[in-house]
Amino acid sequence: MTRRYTDVTRPGGWFEFDLAVKAGEPFALRSVETYDGAQLKDYQVIVDGVVAHTRSWQRTAGGPGTVSYQFVVNLPDATRDGVVRVRYQDSGTGYDPSIADVWAMPAA
């Protein structure tokens, strides 16, 4: 996946994609978030219509950089077919999601 962002000047923006996962199993979703300076990013990560994670992170370092984070998604109904739809939804209060890469890993 190449970098995607929703544009900080357009609150409520989003982007989404389908992601292959192991059918019926929980998974860890890892994201690499990009920054162009010190700023607060806050947004939701929605998996098949369910808020799976609310992201709120204040980066204090100046200049460009990245931050990696991950969380476990345990939604057996969503993963039943081995594919989930992942949406990064801007909350409109801080900076928008700007994601360079995303992948799924087994949770266990």
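Predicted model: local features only at pLDDT ≥ 70, side-chain atom pairs only at ≥ 80, totals over all residues.

In which strand is Gln-39 found? I looked it up: Gln-39 is in strand 4, which covers residues 39-47.

Next entry: is Gln-39 buried or exposed? Its relative accessible area is 7%, and the cut-off for buried is under 20%, so Gln-39 counts as buried.

Then I checked the neighbours. The side chain of Gln-39 makes a polar contact of 3.0 Å with the side chain of Asp-36. Leaving out residues up to four places away in sequence, I find Gln-39 touching Trp-57, Gln-58, Arg-59 and Tyr-95.

Zooming out to the whole chain, I get 1 helix and 8 strands. Their order along the sequence reads β-β-β-β-β-β-α-β-β.

On contacts, I took residues at least 6 apart in sequence; 76% of those contacts join residues at least 24 apart.

Overall dimensions came next. The C-alpha atoms fill a box of roughly 40 × 25 × 20 Å along the principal axes.

The accessible surface comes to about 5900 Å², and carbon and sulfur atoms hold 51% of that.

Last entry, charges: I have 11 positive and 13 negative ones, and their mean positions are 3 Å apart.

Key
Residues numbered from 1 in each chain as written. Heavy atoms only, no water. Helix = DSSP H or I, 4+ residues; strand = E, 2+ residues; numbered from the N terminus. Contact = heavy atoms within 4.5 Å. Areas by Shrake-Rupley, 256 points an atom, 1.4 Å probe, with all protein chains shown as cover. Lys, Arg positive; Asp, Glu negative; His and termini not counted. Charge placed at Lys NZ, Arg CZ, Asp CG, Glu CD. Buried < 20%, exposed > 50% of the residue type's maximum accessible area, 1.4 Å probe, protein only. Polar contact = N/O pair within 3.5 Å; in protein donor to acceptor, adjacent residues only side chain to side chain.
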